[in-house]
Amino acid sequence: MFENKERTDLAELGEFGLIDHLTTNFKIRHETSVKGIGDDAAVLNSPDRQVLISTDLLLEGVHFDLAYVPLMHLGYKAVQVNLSDIYAMNGIAAQITFSIGLSSKFPLEAVEEIYKGVELACNQFNIDLIGGDTSSSKQGLVISVTSIGYAAAGDVVYRNGANEGDLICVSGDLGGAYVGLQILEREKQIFLENPKIQPDLEGKDYIIERQLKPEGRRDIVDLLAQMKIVPTSMIDVSDGLASELMHICKQSEKGCTIYEEKIPIDPMTYETARELGIDPTVCALNGGEDYELLFTIKQADYDRLKHDVDISIIGHITDQASGCRMVSKSNVVHELKAQGWSAFKK
Ligand SMILES: [Mg+2]
């Protein structure tokens, strides 16, 4: 994917030279970042808030395919996906560490592309890059991101707080990232069979972007704070709606009923899924990588949230014995099964 006439060998810079080179543009913006890059460890200060920490490890060939993921998008997505976990706790992320393992096939210019994506994500979400590590990798690209966020003690939202009668809400729309991936996979196969054929992504920009350039929903965390709503439980949709709902229900020791007709699906997702012969609802339930926020609220909070077009109310929490159920458009009750995307399936 990375083609550039300039090729600077990483060995020319050495590890510390490389880190200095890649991180010169990153500025410190938060008071909580006392010391960032440049010592043995970063120093953070948070006298009156709870600290949230989340880590992801991403491996080439397991979590991403460089055949269709541009390097800048990869850096951007790696950060966004990790920040999403902080937002899922109802916190605001402030710092990240970014670590990378590189095989010798990557010149400096390729690594710079990845860091451009990291920088874009940091600028967009007001994040300080405070550290990381670089190493050579025998095979394939390895990325690890750790996010640090903050929330007042009473504002942290866990997966286990849902109560019977709570309303189940989800931000944005679902299934798009999965359908976008199917399109990218299809075009990759066509390209492998005949490299002369240009990829046909015409009219699919929204779902391709959902796959390649997802955004953590910090705006929903801000919106909930403005509305003075603290959800009773929350999780981000990384593995598909069904799997995330079941996490909330299991940890809260509850059941749920959702309604197929209420699940938000973008028209492009819907039409493309149909074209590919897959059920759009299945894409939303089991597709994953949408990075929307799934949360439950008390019924008393309904009036404050009901007019927000970016939040859909898709069902309610029931008792545990009722299980996790979906009422289909034709009024048939299905038991939800978690068939979420998993890196361990392959
Ligand atoms: Mg998560």
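Residues are numbered from 1 along each chain as its sequence is written, and side-chain values use heavy atoms, with hydrogens and water left out. Because the model is predicted, local features need pLDDT of at least 70 and side-chain atom pairs count only at pLDDT 80 or more, whereas totals for chains, interfaces and linings use all residues.

The magnesium ion is coordinated by D85 (OD) and D236 (OD), at 2.1 Å; donors here are N, O and S atoms within 2.8 Å of the metal (3.2 Å for Na, K and Ca), and sites may look incomplete because water is not among the atoms. D85 belongs to helix α2 (residues 71-87) and D236 to strand β9 (residues 233-236), so the pair ties together parts that are 151 residues apart in sequence. Helices (H or I, at least four residues) and strands (E, at least two) are DSSP runs, numbered from the N terminus. D85 is partly exposed at 22% relative accessibility, while D236 is buried, with a relative accessible area of 4%.

Leaving aside its neighbours within four places in sequence, S84 is in contact (heavy atoms within 4.5 Å) with G216, D236, Y291 and L293. One of these partners, D236, is also a ligand of the magnesium ion.

In an unreviewed UniProt entry, the annotation "binding site" covers H63, E289 and W341; UniProt positions are given in the numbering used here, feature names are shortened, and annotations may be inferred rather than shown by experiment. H63 is found in the loop between β3 (50-59) and α2 and is partly exposed, with a relative accessible area of 29%. E289 is found in the loop between α9 (280-286) and β11 (293-297) and is buried, at 14%. Apart from neighbours within four places in sequence, E289 touches K77, A177, R210, Q211, V237, S238 and D239. With Q211 there is a side-chain polar contact of 3.5 Å. A polar contact is a pair of N or O atoms within 3.5 Å; within protein, one must be able to donate a hydrogen and the other to accept it, and residues adjacent in sequence count only if both atoms are side-chain atoms.

Helix α9 itself contains T281, a residue that counts as buried at 5% relative accessibility. The side chains of T281 and E260 are joined by a polar contact of 2.6 Å. Beyond four places in sequence, the contacts of T281 are E260, I263, I265 and M326.

Attention now turns to helix α3. This helix (residues 108-125) has 18 residues and spans 26 Å from its first C-alpha to its last, close to the 26 Å expected at 1.5 Å a residue, where the expected span is 1.5 Å times one less than the number of residues. Among its buried residues are L108, V111, I114, Y115, V118 and F125. The buried residues of α3 pack against α1 (14-23), α2, β4 (92-102), β5 (128-131), β7 (142-151) and α6 (218-226). After the helix comes N126, whose phi is positive, near 60°.

What aromatic pairs does the whole structure contain? A search finds three, where rings of Phe, Tyr and Trp (its six-membered ring) pair if their centres lie within 6.5 Å, and planes under 30 degrees apart count as stacked, over 60 as edge-to-face and the rest as tilted. The rings of F26 and Y115 have centres 6.4 Å apart and planes at 85°, so this pair is edge-to-face. F26 lies in the loop between α1 and β1 (33-35) and Y115 in helix α3, so parts 89 residues apart in sequence are tied together. The rings of F98 and Y115, with centres 5.4 Å apart and planes at 75°, are edge-to-face too. This pair links F98 in strand β4 with Y115 in helix α3, 17 residues apart. F26, F98 and Y115 form one aromatic cluster.

Conventions: Buried < 20%, exposed > 50% of the residue type's maximum accessible area, 1.4 Å probe, protein only.
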